[in-house]
Structures are given as structure tokens and as C-alpha cells.
Amino acid sequence: MFNSSQFTPKYFLLTGFPGLEAWYPWLIFPFCFTYIIGIVGNTLILAVIRKNSSLHQPMFLFLAMLAFSELGVSASTLPTVLSIFLLGANKICFEACLFQMFSIHSFSIMESGVLLAMSVDRFVAIYNPLRYTVILTLPRIAGISVILGLKSLLLMFPLPFLLKRLPFCGHNVLSHSYCLHSDLIQLPCGDTRPNSILGLCIVTSTFGLDSLLIVVSYVLILYTVLNITSGEGRRKALNTCVSHMCAVLVYYVPMISVALVHRFMKHAVPAVRLLLANIYLLVPPMLNPIIYSAKNKQIRQGLIQLFLQRKY
């Protein structure tokens, strides 16, 4: 591996929870539970929306996109997380690490974009309910899904190649159970400024801009709701946004927590930073199907019908 002081690593070493190796046989249970709930829950959401033609409406089609992106995040992190905690295997080859990094960030960018699209969907439904299905037609929704998918792929496409061109001369140990760009960019000894600048531009133009536009959408929604004269009408309008607001909080609160810990608590216990990072990537795919199943009557009825059909 070391032809000189600079080298290209054959593999990276992933990190579980340092100092808690003896607890791995027990830690595997909450991780498996989280993955099972997330994967099964999002798969059921997709199956219900696909099977029921009455759910082929803008709100539920955006929900299907959210479920798909969350399945992608879960599938991207699953192999390395389980291999560490279940098998004790923490090696990942260089190319596989780059692919995992690309997959995780691409699906995360797509998830953020879908949450923005869902907030716009809620604004259109409340501001102009009579023209809701005219404005958000099926071709337009299909176009939005293609744009979100292409945006996430094209934005992330250069990063693996920029990393692969760099020489490495330090250690090859990553600080998470999966490969992230913020981890990998710390290891090369070459000029990483193009990687850092592009990474900052991607974060700003996706997560930063998406979160800002979501806030603007809810300010407009609140302004529209306050102009409704009927108290019952205001309650019903806001009630349609509850599930989406929960999904936004579940997604962005852990992300902001991870950013704050990395920025202002660099000397915090590593287990705390690792726990927050795992919560950010693993908990939203688990909670969102539960939130939408509990708060949305049509999804709940669709799940019941799906289970009854399987039974009989």
C-alpha cells in the first residue's frame, strides 16, 4: 500500500462506537429494529400508493418519492453498519467507499428536495384548493421527480472523481460506520480546496436553500390560513400540514444537531457525535412511515386493506 510517503489506499477502516466493542452484540438489536421498521414501513407506503388509484394524487405521489429516497438512504448505509456490529468487519475497499458516499449523499439531497416539493404542494392545496389538481398535474409531478433525481446525481457526480485523484499520506481510518464526504476529505494530503468548495456549494444550494424555501412556504401557508374566516377551516387547513411538518423536523433537527456538534463541540465524546450521525441517517426513514400512517387516514386505510387482502 505504501510505495512512498503518498499512496492510494486499498481500503478504509470504518468506526463503530469506540470503547463499546463489548456491547456490539446488544447494539445490533436497536440498529436492526431501526432498519427493519424503516425498510418495511417505506416499502408498505410505496405498495399502498401504487395499489390504490385513489391515492394517485400530488400529496401521495410526493410521499412515494420521500419513501423511495429514504429506502435509498437505508440501503446505502445498511451493509457497512451491520457488518461492523454483526460481524465485526470494518474494512471497505476504496471504490466501494466512494460509491457508498455517492449513494448516501445523493439520496439525502433527493430527500431534502422532496420535502421542499411537499411544502409547496401543501401551500398550493391551501392557497388555491379549486385549482390544486390543475396546477399539480401528473406530468408536472413526473417532471419534478425527474428533476430532483437528476439534480442529486449531477451534483454528487464530480465528488468521487475529485477524491480519487488525490494522494493519501496519513491514516485511512474514518470516524463513522459508513463513508461520508466530510470524513474522506480529511484524509488526503493533496490540495482539497476544489473538493471543499464544491462540497460547500452543494450543501448551500441543496440543504441550505431547501430549508430556507420550506420556511418561506410555511410563512405563506400561515398567512393564507390566518385569512380563512372559519375557525374550522383554519383547523382543517393546518391539520393537512402536520405530517409534513413532523417529517421536516425529523429530518432537519438531527442534521442541525450534527452540524453544531461538529462545529462547536469538536472535543465531545466520539460516541455522542457518532450517535447523532446515526440518528440523522437512520431515524427519519424509520419515523416517517409511522408518522404518515398515524396521521393520514387514507394511508392507514390503505395499509389495513393491504393486510386484509394478504390474509384472505
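Reply: Some ground rules: buried means under 20% relative accessible area, exposed over 50%, and partly exposed in between (1.4 Å probe, protein chains only). The model is predicted, so local features need pLDDT of at least 70 and side-chain atom pairs 80 or more, while totals for chains, interfaces and linings use all residues. Residues count from 1 along each chain as its sequence is written, and side-chain values use heavy atoms, without hydrogens or water.

Me: How many salt bridges does the count come to?

Reply: A salt bridge here is a side-chain nitrogen of Lys or Arg within 4 Å of a carboxyl oxygen of Asp or Glu. By this rule, the count is three.

Me: Is Asp 121 buried or exposed?

Reply: Asp 121 forms a salt bridge with Arg 122, with the closest N and O atoms 2.9 Å apart. Arg 122 has a relative accessible area of 7%, so Arg 122 is buried. Asp 121 has 2% relative accessibility, so Asp 121 is also buried.

Me: How far apart in sequence are the parts that Glu 95 and Lys 164 tie together?

Reply: Their side chains meet in a salt bridge at 4.0 Å, N to O. Glu 95 sits in helix 3 and Lys 164 in helix 6 (residues 158-164); helices are DSSP runs of H or I, at least four residues, numbered from the N terminus. So the parts tied together are separated in sequence by 69 residues.

Me: Which helix holds both Glu 232 and Arg 235?

Reply: Those two form a salt bridge, with the closest N and O atoms 2.6 Å apart. Glu 232 is partly exposed at 39%, and Arg 235 is partly exposed at 48%. They lie three residues apart, about one turn, in helix 9.

Terms used:
Helix = DSSP H or I, 4+ residues; strand = E, 2+ residues; numbered from the N terminus.
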